[in-house]
Amino acid sequence: MTNDSIISWSVFFDDALFSAMAAIGFSSISHTPQRAYILCAVAAAAGHSLRFLLTMPGGAEMNIIAAATIAAFIVGVIAVFVAKVIKVPAEACLFPALLPMIPGLYACRAFEGFVGCLSNLDETLFSHNLYLFVSNGMTCGAIVIGMAIGANIPIFLMKKISFQVTR
Amino acid sequence: MTTMTDFDTECEDVSFSGITMDTLGRFLAEYSAWLWGSGATCVRIDKNVSRIAMTYGYMADVAVMPRHVTVCLSDEGGNVHTYTQRVVRAGINFDLNTELSALSWSIRDGKLSLDDAEKRFRTIVGQPYGNNFNILWLTSLANASFCRLFGGDAAAMGVVFFATAAGYFLKQRFLREKMDIRVIFFLCAFISASLASGCGLFGWGATPGVAVATSVLYLIPGVPYINAASDMLASHYLCSFSRFADAVILTASLSLGLLTSITVMNNCL
């Protein structure tokens with residue numbers, strides 16, 4: 001095993017571990033039933049590390065929007081089956097597990113670009129800030145929509161499980 | 001919206017209990033308002049409400065507007081009544097969502113009369129959810145993990161943990177004081193980002209920029225963004241747009257707090 005691959009795998013496990021911890025925190029902030037915490041963490045770790053693998057340089061090198069959509073689909077499948085086991089609505093497992101993948105930094109950077117446009121009348125600076133606003137805003141929007149599509153496909157494909165789990 | 005096919009299928013084996021349309025309509029409108037407030041998607045609200053209505057022999061159509069929920073009840077005799085309720089801003093609460101969904105199934109399976117269902121509904125919406133202290137430290141841990149995911153080092157993670165704890169503690173206090181949510185987001189982002197600037201001010205660690213940028217991420221309204229996209233996919237465009245607009249306003253408030261903090265702290269350096 002080369003040094004490079006050891007570093008990549010350690011980063012990969014780091015990614016899975018910290019996204020799982022983030023999912024537990026977001027489960028608590030969204031008042032998810034406590035029995036779902038660990039399973040939300042597992043789903044988040046699977047989704048986030050899959051996205052990491054898909055976007056990693058030297059790996060699949062996929063675009064972040066497509067990678068987030070695929071990862072969200074996998075999280076959705078896990079969430080639907082987990083929801084059945086612990087009898088909570090699929091969204092209660094799904095959403096906290098997706099939250100570590102929400103492009104919060106893109107949203108903040110888009111707003112920074114917007115403020116930059118308003119505060120810089122110089123044409124070059126204005127164009128640069130407009131670019132930051134549009135590119136970050138579009139990426140953020142596309143990732144969220146892609147994630148929602150990916151995560152909702154399993155819910156709609158397995159409607160019977162998704163909407164009857166609390167019975 | 002419920003289709004006739006759903007109605008026919010789900011009404012099998014259900015006995016009509018003879019309760020009045022008004023009692024059921026008012027209950028369903030309030031039930032929908034709380035379910036919306038807990039962060040349920042429009043598809044779930046629609047399904048749960050229709051399930052309860054069908055149990056008593058009625059058909060329900062739900063329209064979710066930005067500030068109100070309207071439930072339209074109809075019976076086989078052609079009587080149609082409409083009930084409107086102001087939405088409840090309960091904050092995202094999947095525990096409440098789970099309990100209310102289970103309640104709809106208890107009614108559907110004949111385990112509860114409408115009177116008992118109303119009593120249980122009052123208990124569900126009246127009880128406290130979660131332990132504030134546990135939420136505080138778990139949220140701080142989540143944001144510190146976020147810092148790590150964005151490449152922050154141990155010093156940055158430690159600072160983000162305390163910056164988040166301080167910001168979230170204030171958020172809990174301000175919410176109790178019923179302060180405007182946009183002002184809360186601005187102030188909490190400002191406080192968290194200012195505390196996270198400690199990394200740069202005192203030279204702790206090698207990633208001060210990551211600490212400041214990730215210190216406010218616990219405020220990002222992630223669930224409303226996903227809900228907005230989910231509602232859009234289910235053709236609930238009005239509700240989707242209203243959720244999206246709410247989320248954008250909160251993101252703008254927290255970004256403004258972050259930018260103000262960066263400006264102030266840069267001037268201090």
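Predicted model: local features only at pLDDT ≥ 70, side-chain atom pairs only at ≥ 80, totals over all residues.

Trainee: Is the crossing of H7(B) and H8(B) right-handed or left-handed?

Mentor: The crossing of H7(B) and H8(B) is right-handed. To find the pair, look in chain B for helix H7, residues 154-176, and helix H8, residues 181-196. Their axes come within 8 Å and cross at roughly 155 degrees. An angle over 145 degrees counts as roughly antiparallel, and therefore H7(B) and H8(B) are roughly antiparallel to each other. Now zoom in on the side chains. H7(B) contributes residues including B:Val159, B:Ala163, B:Leu170 and B:Phe174 to the contact, while H8(B) brings, among others, B:Ile184, B:Phe185, B:Cys188 and B:Ile191. The residues of this contact divide into 14 nonpolar, three polar and one charged.

With that in view, let's turn to the nonpolar cores. The largest one has 74 residues, and A:Cys93, A:Leu94, A:Leu98, A:Met147 and B:Leu254 touch the most other members. Helix H3 of chain A, residues 64-86, supplies the largest share of this core, with nine residues. Leaving aside neighbours within four places in sequence, A:Leu98 is in contact with A:Ala72, A:Val75, A:Met147, A:Ala151 and B:Ile226. Another core, of 40 residues, lies apart from the largest one and includes B:Tyr31 and B:Trp36. As general background, nonpolar side chains tend to be buried together in soluble globular proteins.

Conventions
Residues numbered from 1 in each chain as written. Chains lettered and ligands numbered in written order. Heavy atoms only, no water. Axes fitted to C-alpha atoms, helices over the stretch in contact; angles between N-to-C directions. Helix = DSSP H or I, 4+ residues; strand = E, 2+ residues; numbered from the N terminus. Parallel < 35°, antiparallel > 145°, perpendicular 65-115°, else oblique. Left-handed = near helix turned anticlockwise from the far one by under 90°. Contact = heavy atoms within 4.5 Å. Nonpolar A, V, L, I, M, F, W, Y, C, P; charged D, E, K, R; others polar. Core = buried A, V, L, I, M, F, W, Y, C linked by side-chain atoms within 4.5 Å. Buried < 20%, exposed > 50% of the residue type's maximum accessible area, 1.4 Å probe, protein only.
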